[in-house]
Structure formats: structure tokens, C-alpha cells
Amino acid sequence: MTAQTLAGARLLLIIGGGVAAYKSLDLIRRLRERGSAVNVAMSAAAQRFVTPLSAEALSGRPVRTDLFAPTEHSGMGHIEYSRDADLLVVAPATADLLARMAHGLADDLATTTLLATDKRTLVAPAMNVRMWLHPATQRNVASLRGDGVLFVGPDDGEMACGEFGPGRMAEPLAIVAAVERALQSPTLLPPPPGAGPLAGRRVVVTSGPTYEPIDPVRFLGNRSSGKQGHAIAAAARAAGAETILVSGPTALADPPGVKVVKIETARAMRDATIAALPADVFVAAAAVADWRVADASAEKIKKGSGGAPALELAENPDILAEVAARRGDRPTLVIGFAAETQALIDNARAKLERKGCDLIVANSVAAGEGTFGGADNQVTIVTADGIEEWPRMSKEEVARALVMLAARKLAGST
Ligand code: PMT
């Protein structure tokens, strides 16, 4: 894990062709103010929006614009150019650039540099709201996230095209903060098949909510989006593990390379999880309903004159406790989550003991935290040995750090 600060960091900024390119000039200034050295590469389209001369004046370095221009090399080919950097930042990243990155194309300076790197890449998308929300773009984003690419933004707001919604590039200071976080997070590029810190291991992850039927129309559910659990499955797969994701209903794409078992109820999640064993690691990130309606109606309950129906609840199986208590095929490492609105650490410690797991990831789901459905999470790792508070990070970064911790624990080094 290479922890680094902005002071002294070597960054490669790739400016894509979008209106937001003008904000990237400010980004260069903000990064340099904080002591980073910023090399800049510009796509052909970017030069329609801002000039290489402006970027050169602000970065204090020659700007690269052409893959083949020998005069631009300044002693460095594009491979060295990307390898020399601690972090690559793509801002703005257009829908086209994201698509070409997701498919591993290398037909110009930007894409060739991005493919040639073995360093982390942080992307700040900027595009029209419909382009951002288009399933093709969302597929590309999911695939890049699975590859370990980090994202900042896009923000909601009024766009240059006059429409409103998500698609505006994050503000330069938000990108600076994301660069700082990215420099501090572990470097973990997806390993080739059969390689990586979890190569040869099997990981089972639960994710998302469960839906407990009241009748064929209605159900009891919760606010989990599955983002945290899916990110953990993607990170485990990226670390080389054979990964099975048992997921409740979510709107998320399946993480690449992960076997996904889709269920609705807690009891179905329990059965699918037990069927997925044996495993080296089990991570229970799902928000499983503790109760179900004892006698769900086979027909839609009609609104009658008798007032609201009384629902009798029955307790659901506790999947985490059951996996942790298994004999013969208990995973070496059983990791639970604790979602609390108060007394986070005390409740997490109590859960660690009561459910018999090895590690609890405690996160607050109090109103205003934005943990359910949000992009970020702030977690505290609770074990019998003590607690470790992690900084607020994206859910992908939490997932990668958790997977690295699991790998170290399996290897017996923590
Ligand atoms: O999905 P997101 O929108 O990204 O949000 C992420 C999250 C908040 C859902 C996630 O980070 C999280 O905290 N997941 C656990 C939610 C939860 O149900 O916590 P809990 O404290 O109620 O349960 C404790 C643990 O027991 C959890 O690991 C849970 O998966 C497990 N459990 C609970 C009940 C049950 N019947 N079976 C279980 O396995």
C-alpha cells in the first residue's frame, strides 16, 4: 500500500473533449498549488475547447497532443509517460472516451496511454445527462469500476446544453480531494487470471436488500442499493478470487467475472449462500430483513371495511450467524457488517460476539449519512483485537481495502 500526499505527487492529466475542459485548466492550477507535478496530455477533441498553450502555461511543462509526434516526446514515449505518474486523472472524460477505455482501445494518445499504464486511474466524467444515463454508458462505467478505475462525479446540475441532471463534471476542488484519496488508497490493478492476492481462493458475498412478500403485490424491504456488496464482489474477483455474489433485488449490473445468484427473500438468500459454500471468505454485506410476514397472502389483500390488516411477523434465519457456526465447511474468514443508527461501535462489538464472526465492518446508517444508496462509506473495522477507523472513501475503495485486509488475514500476516 503506497500512501502518498499531493505534495510531490506526479500526476498525468488527460483532458478529453468536452465543454468542461476549461475546468481542467483550473484543476491543473489547484494541483500545482498543492505541490503536485502535473503532466498533461490532450485529446484532439479537447484542443477544440482549450488550447495546449494554456495547459502548458499552467502546468509549466510541455503538453502532449499526438501519439506519433516525435518532437513532442521530450525524451519520453507514452509508455514511460504513464508509468512515470503516480496517478492518471482523466478530466473531463466524455462518453466516447469512457467507452473506448472500457473496451481497451488504443487508437490515440489518450487511450494508448491509459492502456499502457499499471497505475491507478481516476476519472471525472462530463457529458449530457441522457448520455450519462444511457445503459451503454452505465455498462461501461460498471465495467471500468470492476477494473479498479476510480470515479469522481458527475454532479447534478444545469448543463451547458440547457438540460438538468447528472452529467456535470465534478468541481476542481472535489477532483483534488478525490486525487488525494486515490493517492492514499492501495494500488490494486486486476491481476491476470490465476494471479492476485486472492488467487486460488473462493469468496462468497451477500449484497442488496431482501424483499419479504406481504401478498403478490406488496413487500417489506429496505433501502440497500447493493453498491457496497457488489463493489466487494468486484474487488474480490479483481484480486483473483473465484467469487459468488448472492444478491437481493438491485438496479446494478453484475460485476464482471462474478457468478451472481439472484434471490428475493431472506430464506432464499440463506439457501443460496449455504449452497455456495465451501469458501475461504464469506462477506455478509446484504441488508437482510430480520422478519418476514408469517403468512403471506397468495392473493392481493383487498382494502376492505375492516381497516388496515394486522401483519404477523416471523423471524428470518440469520445467515451470518449460521455460516459462522458451521462445522466442516466454515469459511476461514467470516466478515459481517453492522448497520447502526446509534452506539455504532458498541453494537458492532456485540454483533461480532453474538454472530460468531471474525470481523465486523461497522457503518452508520443514521439519517443524513447517505450510506444507503450513496457512493461513499465511512467504516470502522471491529475485531476481537480492537477497532480501526477508516477514512470516508468511495464504496469501491472500501471494498478494495477490505479485500486486501482479507488477503493479509488469510496469508496470516495480520
Ligand atoms: O447497499 P448499499 O446501499 O451500498 O448500502 C450498504 C449497506 C449499508 C447495506 C452495507 O454497508 C451494510 O451495512 N450491510 C449490512 C446491513 C445490515 O443488515 O446490517 P445489520 O446490522 O442489520 O446486520 C448485521 C449483519 O448480519 C450483516 O452482515 C447482515 O448481512 C447479517 N444478517 C442480518 C440479518 C439476517 N437475517 N441475516 C444476516 O446475515
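Okay, first thing to look for on the screen: which strands does helix α6 lie across, and at about what angle to β1 does it run? Keep in mind that this is a predicted model. Helix α6, residues 109-116, lies across β1, β2, β3, β4 and β5, and it runs at about 140° to β1.

So let's look at the sheet itself. We've got an open sheet of six strands, and the order is β3-β2-β1-β4-β5-β6, with parallel pairing. The edges are β3, residues 63-64, and β6, and each of those pairs on one side only. Further in, β1 and β2 pair in the parallel sense over six bridges.

Next, α9. This helix packs on the sheet too, touching β1, β4, β5 and β6, and its direction makes about 150° with that of β4. It covers residues 172-184, so 13 residues, and it reaches 19 Å from first C-alpha to last, close to the 18 Å expected at 1.5 Å a residue. Now, which residues of α9 are buried? That would be Pro172, Ile175, Val176, Ala178, Val179, Ala182 and Leu183. Looking down the axis of α9, the buried residues fall within an arc of 165°, so they line one face of the helix.

The largest nonpolar core has 34 residues, and the members that touch the most other members are Leu13, Leu31, Val40, Met42, Ala91, Ile175 and Val179. At least two residues each come from β1, α1, β2, β4, β5 and α9, and α9 gives the largest share, six residues. Apart from this core there's another, of 33 residues, with Phe337, Val361, Val379 and Leu402 among them.

Leaving aside neighbours within four places in sequence, Met42 is in contact with Ile15, Gln47, Val50, Thr51, Pro52, Ala55, Val63, Arg64, Thr65 and Leu109.

Most residues other than glycine have a negative phi, and most peptide bonds are trans. Where are the cis bonds I'd like you to see? One runs from Ala91 to Pro92, with omega near -5°, and Pro92 lies in strand β4. Another runs from Gly153 to Pro154, with omega near 5°, and Pro154 lies in the loop between β6 and β7. Then there's Ala343: not a glycine, yet its phi is positive, about 45°. You'll find Ala343 in the loop between β17 (333-340) and α13 (344-355), and it is partly exposed, with a relative accessible area of 46%.

Last stop, Leu410 in helix α14. Buried or exposed? Leu410 counts as buried, at 16% relative accessibility; the cut-off for buried is under 20%. Not counting residues up to four places away in sequence, Leu410 touches Leu198, Arg201, Asp280, Val281, Thr332 and Leu333.

Notes: Residues numbered from 1 in each chain as written. Predicted model: local features only at pLDDT ≥ 70, side-chain atom pairs only at ≥ 80, totals over all residues. Heavy atoms only, no water. Helix = DSSP H or I, 4+ residues; strand = E, 2+ residues; numbered from the N terminus. Expected span 1.5 Å × (residues − 1). Buried < 20%, exposed > 50% of the residue type's maximum accessible area, 1.4 Å probe, protein only. Arc of directions from axis to C-beta. Core = buried A, V, L, I, M, F, W, Y, C linked by side-chain atoms within 4.5 Å. Contact = heavy atoms within 4.5 Å. Pairing = 2+ DSSP bridges. Axes fitted to C-alpha atoms, helices over the stretch in contact; angles between N-to-C directions.
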